[in-house]
Amino acid sequence: MTLAYLQFTSSFMHGIDFKEGGNYFPLELYKTLQKSPTSFAQHRRKQTSRPSMASKPGILTDWPWKPLGSFKYVILAPWVAHSIYSFMVKEGKDRDLSNLLIFPFLLWRMLHNQIWITLSRYQTAKGSNRIVDKGIEFDQVDRECNWDDQILFNGTLFYLGNLTLASGSHMPFWRTDGVVLTVLLHVGPVEFLYYWFHRALHHHYLYSRYHSHHHSSVVTQPITSVIHPFAEHIAYFILFAIPLLTVTLTGTGSIASLAGYVTYIDFMNNMGHCNFELIPKSLFSIFPPLKYLMYTPSFHSLHHTQFRTNYSLFMPVYDYIYGTTDKSSDNLYETSLTRSEELAEVVHLTHLTTPESIYHLPLGFASVASQPLTSKWYFWMMLPVTFWSMMLTLIYDRTFLIERNTFKGLNLHIRSIPRFNIHYHLKWKREAINSLIEGAILDADSKGVKVLSLGLLNQGEELNRNGELYIQRNPQLKMRVVDGSSLAVAIVLNSIPKQTTQVLLRGSLSKVAFAIAHALCQRGIKIVTLYEEEYQTLAKRLMTESGNNLVVSRSYVQKVWLVGDGMVEEEQLNAPKGTLFIPFSQIPPKNIRKDCIYLSTPAMATPAALKNIHSCENWLPRRVMSAWRVAGIVHALEGWDVHECGNSMFNVEKVWKASLHHGFSPLNQPTTKTLE
């Protein structure tokens, strides 16, 4: 096998690894992988796809409270309860403010981290100053979902220190000598010891058992900074405890020095793991030695991509001293700073759904956004945040970017209208919502967007005549507006089991519903409605196409129901056991029957080539997109120079075949069983 690169020396840090294709391997593993030409790539994929541990997990890899799952926070409950109780029952100097403030400080740390997460995801989606051109996928989100474990760990140790150390309680708010001592100890022993400890972690023995878990994230985000095995966090705490314990034991400690130091660590950790450069060049121009005292996100990013360089904690001085500074550090910094915002070719315009959906945004809680939208038990504790978020949407009058994807050379953006489902059902809100949508369309057109697709309730007969309103108001549009109705129809038709002879059609008769009914009548499939009014509306719209295939009946014997908005629970309860519910609406019906089958709203699974998917689209499963969003992408890929809105409907068969051609696949495969 021809080696791309071979390096072997007798030094401690470089004498045990071979390098192949930019990746380092222990000598024994290297010999094993040489046996197959594809082994190196397979090993790398296997290593980076592990969701929760290093390639060879060592002792103390998992956190002790892992079996508790979401209830892990109860480990702090006794400490918090004791702290509050003690402060309430004691008086005067007996009260320990430093003990009481531990829990609020832990909450501050969580909020601080979440702010960085939101900022990083928004900035990375925009693309300006981005460092690494690689997306985040679900495996990384899963691997990094326990970022708050280290806060629980530190909190437990803070409470123990406060309880057991004589000078660990009743600390003053400020002591200048303690603050100065903390700074000196960090600049000296902490940075020096971390540098060599970090290099030791890259020894193949420790790397394969511990540190590889952290390096599984090539594209870093703020919370990547604290994703380490439990044993590694123990070592880090011992290291960072040098200043904390010193000022405590010498009696120079204060609330400001301890809280300030930990906040500094959190700040630098989060900042250094952002995938965008945010340190202005002017800082280094004003004070050139600063480059040795403060790293940048691009500096540390090279450590994750090049592996054997830029080991320093926050101060690169030791990399410069020991010759481990990556030669491209300055160039990457300059390039990242000048990188402009990426423009989209395709924009999907969606909106918020329920008040709790704010937590499901990719900009919000990463672990929540990576799962289908459902109500969580702990959301009730966040009602004040939910309420003020709703108030904010009432005054914010612009769309906002929530996600960026790439596919076949296209930049795909998702933008959201800051309104909820309930707003779309209020007549007096329609004009304001239309203004927001029209503003988004004009803004996208001015930026050279090729296609804009309307998602969820941003299209509708009563709201904007299925998007036709914007075309009539702005005939000069170069961009194409797509409502995705043809692909939604195609997905529903291809979800109906083969040899089905009759279906029940129930729900609001939308553009999609009429098109489905028309196609089924042409196939000779009987369409049953429950109400005379719906029958008359369909018969008038379909005219001669319906023939004898359109009937009114309340027998409830049909086993296939095509359902839209407006179906009530009583109707579902009358459906026979085993009924297949196939939604044609944007919003899924409420599933109240456990003995029936409910398919998803019209959607398709995405091809593997569609990158940077790390969140679920509303209630849909992972790596699944709604028909309306897929339609916009396919429209752009095919270069179709027509609008699909208003009463116009694109060729259903053509858009279905085009979607399959580009790698999108159906979720609901029809069976050969006859359902009548």
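**View 1. Strands E14 and E15 pair in the antiparallel sense.** Three bridges link strand E14 (residues 603-605) to E15. Strands are DSSP runs of E with at least two residues, and helices are runs of H or I with at least four, numbered from the N terminus. Strands count as paired if DSSP finds at least two bridges between them. Met604 has Met625 in E15 as its bridge partner. Helix H27 (residues 627-638) packs on the sheet and touches E14 and E15. Its direction makes about 90° with that of E15. Contact here means heavy atoms within 4.5 Å. Axes are lines fitted to C-alpha atoms, for helices over the stretch in contact, and angles between N-to-C directions run from 0 to 180 degrees.

This is a predicted model: local features need pLDDT of at least 70, side-chain atom pairs count only at pLDDT 80 or more, and totals for chains, interfaces and linings use all residues. Residues are numbered from 1 along each chain as its sequence is written, and side-chain values use heavy atoms, leaving out hydrogens and water.

**View 2. The open sheet runs in the order E15-E14-E16.** Its pairing is antiparallel. Strands E15 (624-626) and E16 (665-666) stand at the edges. Each has a single partner strand, so one side of each lacks a neighbour in the sheet.

**View 3. Strand E5 (residues 410-417) is mostly covered.** Strand E3 (residues 346-351) runs parallel to E5, joined by six bridges. Thr350 pairs with Ser416 in E5. Strand E4 (residues 400-407) runs antiparallel to E5, with seven bridges. E4 and E5 form a hairpin with two residues between them. Lys408 in the turn has a positive phi of about 50°.

Terms used. Buried < 20%, exposed > 50% of the residue type's maximum accessible area, 1.4 Å probe, protein only.
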